[in-house]
Number of protein chains: 2
Amino acid sequence: MIVDSKTRLAALREKMRVQGAHLTAIGPGSHMDWLLGFHPYPDERPCLLLVAPEKETILMPVLNAEGSRGKTDIEFHAWGDADGPNVALAQAISAIGATEAKSVILDETMRADFALLLLDALTGAKHSFTDDTLGSLRMRKDAAEFSTMKMNARIADRVMQKAFAAIRLGISEAELASAIQRGFSEEGAAPEFWIVACGSNSAVPHPQSGRNLGVGDAVLIDIGGRKNGFPSDITRMAVVGHPPDGYDEIHTIVEEAVQSALMAARAGVSAKDLDAAARGVITNAGYGEFFMHRTGHGMGIDLHEPPYITATSETVLEEGMVFSIEPGIYLPGRFGIRLEEIVILREDGPEILSTLPRDVYLARG
Amino acid sequence: MIVDSKTRLAALREKMRVQGAHLTAIGPGSHMDWLLGFHPYPDERPCLLLVAPEKETILMPVLNAEGSRGKTDIEFHAWGDADGPNVALAQAISAIGATEAKSVILDETMRADFALLLLDALTGAKHSFTDDTLGSLRMRKDAAEFSTMKMNARIADRVMQKAFAAIRLGISEAELASAIQRGFSEEGAAPEFWIVACGSNSAVPHPQSGRNLGVGDAVLIDIGGRKNGFPSDITRMAVVGHPPDGYDEIHTIVEEAVQSALMAARAGVSAKDLDAAARGVITNAGYGEFFMHRTGHGMGIDLHEPPYITATSETVLEEGMVFSIEPGIYLPGRFGIRLEEIVILREDGPEILSTLPRDVYLARG
């Protein structure tokens, strides 16, 4: 991932200035990827990018220092396994003039021990998380980010088609999941997640069990892979042999909820109004209690990131934001249906990244 | 993973009693796996197992509740995307009688926002991490854990042999890494990590670059996969065509360091004395400055977990502990050599899990 670190650090500092923050601390994860284009090997050894208003530095385990050296010209404060990180951390904080920092923005995804090591080193500092600074900056995607996500969406479309082709009577959810993982690998993408749920399992949004596909089973397939630093995420439905009783009515309602959200997704609209556009269709059809999750989530370097499309989020959608629209109806003991698109918000509305129809795939029984 | 949750929760509570701790909070990760045999889908939604002296409960995102319901009979305090976790967390803390908890043990691996959400809800509470409680309990492995790790070690041995067989002049580090990932997949294991570093790249312990294998290149291969909940971890060396100048001398020194550590690894010995046994060989040979990492790390559900075999660790090794012995010498600009075994400490010394010799593999140029 190649990023313009100088510009992104400057944008972060401007957000810090507005928030009155004295220090931002970032762990070896996606926030660091966005700022620097890489992150050191993440393990139990404390590793922090520390950004103060004037200077920045990296607290770096010496074991990972050399592997990271060619990727940034930011100064490292390295520490070895024998000494531990405390002395190097104090020096790092001092070197960027942050010893008196009272308002610290923490990467919410970093390990608890990293965060508390830092807070213990800064007496009396108050913490907040990155929502209004880095999180806010990361929501709007640039052209390079979009094209990588679009490529990943096309890969996921092809893998979904391979999954459809692999469906047959008696195949297990686990076997279908393996075919999906192989599909991503064959595309040069790392399989990231693979929810395959058939029959009544599909009525559980994040199921954790395993069974074999039977005639009349609905099959919910929610998959994603990752190539060149960005993920994909798509959910489609299949049925084996013939749909279960009542399937078509529910599929149509969920499809209408997707379309309602696509119509509502415009710059200037709040996330909660977008959620309401999808949820309203399902509630009006009498199934509101069976749609028990948010309508969507942002996607970028992270599979799930802001903006979250929830019933209560006041976040105002802007051009360039990328997020999922994924309403669902889950009928306990019967079946569940979720249809998911990833969209980028354009000036005139959402552009869908996938090219795959949302129709149910009819597999031979 | 099937575990005896009741026994393990009781063991945790006994450790909490000794430490004077009022509450232990565990995120959806390996500590929870060890205690409950599973963890809910880990995402940005706060999810915590809360263990007080008399009762326990789980703060659970409603989206993940049903998928977890069949796996434990612990009561859930569920919260939905629209409401957020605060009310459910307060109710959960109250339900287990922990409202006045002043000494809290935190899962050090949980997300920073989970940990600070909890600490903000417990006025005046002091925190510590799991080193003396869960971490300590997890260090000693039982027979079922050992046999799963042994199986994984055998898988890694076969994958390493496949990697050796795939080495040829001009193949890229990335292609060799792909062969390793395929190897684990073919064994039904999830590839977990794959360090492939040739020539001067091998002189960097955790390299992050890519090049093609040339004649006279040393190739460091450090790999692991995961099946049935436990990982593997093994490092071996190969050379393409012929070894680089000075290779054999350094390989012999690293091998002697491994053997010295194997001789020293006995119950009752401290981790730092075990580190010294390996490090002494390398220092005496004049290469001390080129062995810049610890001698090893514990392994269990986590690839890296206590005990850490460092120059300063006072941890006393006990029967049943599983850890790596992996000294290395890294000569900048030339080559690096690391040889790694995973061992379990038996009454009479260490048992090596791998069956693969530590000799350098000679690949045709």
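Predicted model: local features only at pLDDT ≥ 70, side-chain atom pairs only at ≥ 80, totals over all residues.
View 1. Residues are numbered from 1 along each chain as its sequence is written, chains are lettered from A, and side-chain values use heavy atoms, leaving out hydrogens and water. Local features need pLDDT of at least 70 and side-chain atom pairs count only at pLDDT 80 or more, while totals for chains, interfaces and linings use all residues.

**View 2. The buried area between the domains.** Here 5 residues of domain 1 of chain A are in contact with 4 residues of domain 2 of chain A (heavy atoms within 4.5 Å). About 450 Å² is buried between them, 45% of it from carbon and sulfur atoms; this is the accessible area (1.4 Å probe) lost on putting the two parts together, summed over both. On the domain 1 side, Ser30(A), Trp34(A) and Arg138(A) supply 66% of the area buried against domain 2, more than any other three residues.

**View 3. Salt bridges across the boundary.** Look for 3 salt bridges between domain 1 and domain 2 of chain A, each a side-chain nitrogen of Lys or Arg within 4 Å of a carboxyl oxygen of Asp or Glu. Arg8(A) forms a salt bridge with Glu145(A), and their closest N and O atoms are 3.5 Å apart.

**View 4. Helix α2 of chain A at the boundary.** This helix (residues 30-36) gives the most to the side of domain 1 that touches domain 2, with 3 residues; helices are DSSP runs (H or I) of at least four residues.

Key. Helix = DSSP H or I, 4+ residues; strand = E, 2+ residues; numbered from the N terminus.
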